[in-house]
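This briefing concerns cavities, pockets, ligand surroundings and aromatic pairs. Please consult the sequence and the structure as you read.

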Amino acid sequence: MAFSESALEELGLAPMWVRRGMRPSVETTASADAAGAASNAGKTSAIEAADAAGATSSLQAASPREAGMNARIQQPPAGADEPAWLDEVSVEPPAHTRTNRIVADARADTGTDVATLDWDALSARVTACERCRLCEKRTNTVFGVGDRNADWMLIGEAPGENEDRLGEPFVGQAGKLLDNMLRSLTLARDTNVYIANVIKCRPPGNRNPEPDEVARCEPYLQRQVSLVKPKVIVALGRFAAQSLLKTQASISSLRGRVHEYEGVPVIVTYHPAYLLRSLPDKAKAWADLCLARDTWQKTAGAPPR
Ligand code: SF4
């Protein structure tokens with residue numbers, strides 16, 4: 001090991017970790033760097049293996065020697081799908097610590113303020129929100145629609161392509177199926193139901209939202225729930241159910257029971273888009289809606305429908 005590397009390690013300044021595919025990709029011209037990179041490979045594999053969340057599987061090491069030399073930093077390719085706020089080189093803590101910290105920071109960052117907003121202020125805040133990387137690719141935020149005093153609140157995952165384009169949740173074929181299911185319970189989105197998503201901006205490629213994105217967006221949903229004051233919530237699909245209930249349990253294990261979110265009873269059922277592909281499960285979804293109706297009748301003291 002060169003003296004300069006030894007000195008940096010003694011000072012606790014090595015190695016430095018950067019996100020792969022983003023930047024910095026470091027090019028050096030010194031041929032001696034080949035040997036330095038080889039020694040770093042062993043360190044990289046050990047830390048990548050410890051990365052339980054998988055986030056740092058996309059990390060690569062840049063040796064302190066490389067960082068200290070006159071390295072040329074390459075910019076990411078145009079249009080690369082990367083958040084600008086990660087555009088820094090930093091010494092990373094272990095992945096599980098980092099994820100927990102990001103989620104905790106995000107909750108603390110938005111919760112207090114958002115919890116005091118009225119409908120107009122909340123809607124405006126979401127429209128202008130840049131709290132997470134999902135703002136970079138969205139066309140529209142998707143705030144929510146329906147009766148703001150409804151007994152029923154339906155919560156889905158995140159906007160898809162059509163929702164992103166129109167700014168409304170559950171449009172297209174899945175939305176039509178949902179409307180038909182609601183109609184059979186004498187419910188409708190424009191009269192006695194409020195519909196929203198856990199995440200207000202479309203994840204690129206309809207990927208699942210990341211934990212920190214959910215954490216940054218959740219105060220908006222929490223405020224919507226506290227303003228609507230529903231008597232029952234129906235979680236539509238696995239991701240919505242897992243996000244609301246803070247669990248990784250399967251949707252089949254969550255169905256058929258009454259859960260709770262923010263003090264409101266929650267019933268879990270399938271996402272309408274899934275039901276379009278799996279017609280036999282429509283009967284199960286109907287059973288879930290019947291359980292939701294029974295729960296609502298108990299909670300609201302409503303007469304049987
Ligand atoms: S997903 Fe939520 S937190 Fe992220 S930018 Fe959109 S509104 Fe803001």
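**Cavity, pocket and aromatic contacts**

The lining of the largest cavity comprises eight nonpolar, no polar and six charged residues; here Ala, Val, Leu, Ile, Met, Phe, Trp, Tyr, Cys and Pro count as nonpolar, Asp, Glu, Lys and Arg as charged, and the others, Gly among them, as polar. The model is predicted: local features need pLDDT of at least 70 and side-chain atom pairs pLDDT 80 or more, whereas totals for chains, interfaces and linings use all residues. Residues are numbered from 1 along each chain as its sequence is written, and side-chain values use heavy atoms, with hydrogens and water left out.

- On a 1 Å grid over the protein atoms alone, a cavity is a set of points where a 1.4 Å probe fits but cannot get out, a pocket is an open set with protein on both sides within 12 Å along at least five of seven lines, and lining residues have an atom within 4 Å of a point.
- There is one cavity of 30 Å³ or more, and the largest cavity has a volume of about 100 Å³, a volume being the space filled by probe spheres set on grid points joined across faces, edges and corners.
- Among the 14 residues lining the largest cavity, Cys129, Cys132, Cys201, Cys217 and Tyr220 are the closest to its centre.
- The ligand takes up the space of the largest cavity (more than half of its atoms lie within 2 Å of the grid points).

**Second largest pocket**

- The second largest pocket holds about 660 Å³ of space.
- Its lining has 28 residues, with Glu157, His271, Ala273, Tyr274 and Arg277 nearest the centre.
- Helix 11 gives the largest share of this lining, four residues (helices are DSSP runs of H or I, at least four residues, and strands of E, at least two, numbered from the N terminus).
- By class, the lining of the second largest pocket has 14 nonpolar, nine polar and five charged residues.

**Aromatic pairs**

- The structure holds four aromatic pairs (rings of Phe, Tyr and Trp, its six-membered ring, with centres within 6.5 Å; planes under 30 degrees apart are stacked, over 60 edge-to-face, the rest tilted).
- The ring centres of Trp119 and Phe143 lie 6.0 Å apart with planes at 85 degrees, so this pair is edge-to-face.
- Trp119 in helix 5 and Phe143 in the loop between helix 5 and strand 5 are 24 residues apart.
- Trp119, at 13% relative accessibility, is buried, and Phe143, at 9%, is also buried (under 20% is buried, over 50% exposed, in between partly exposed; 1.4 Å probe, protein chains only).
- Ring pairs join Trp119, Phe143 and Tyr194 into a cluster.
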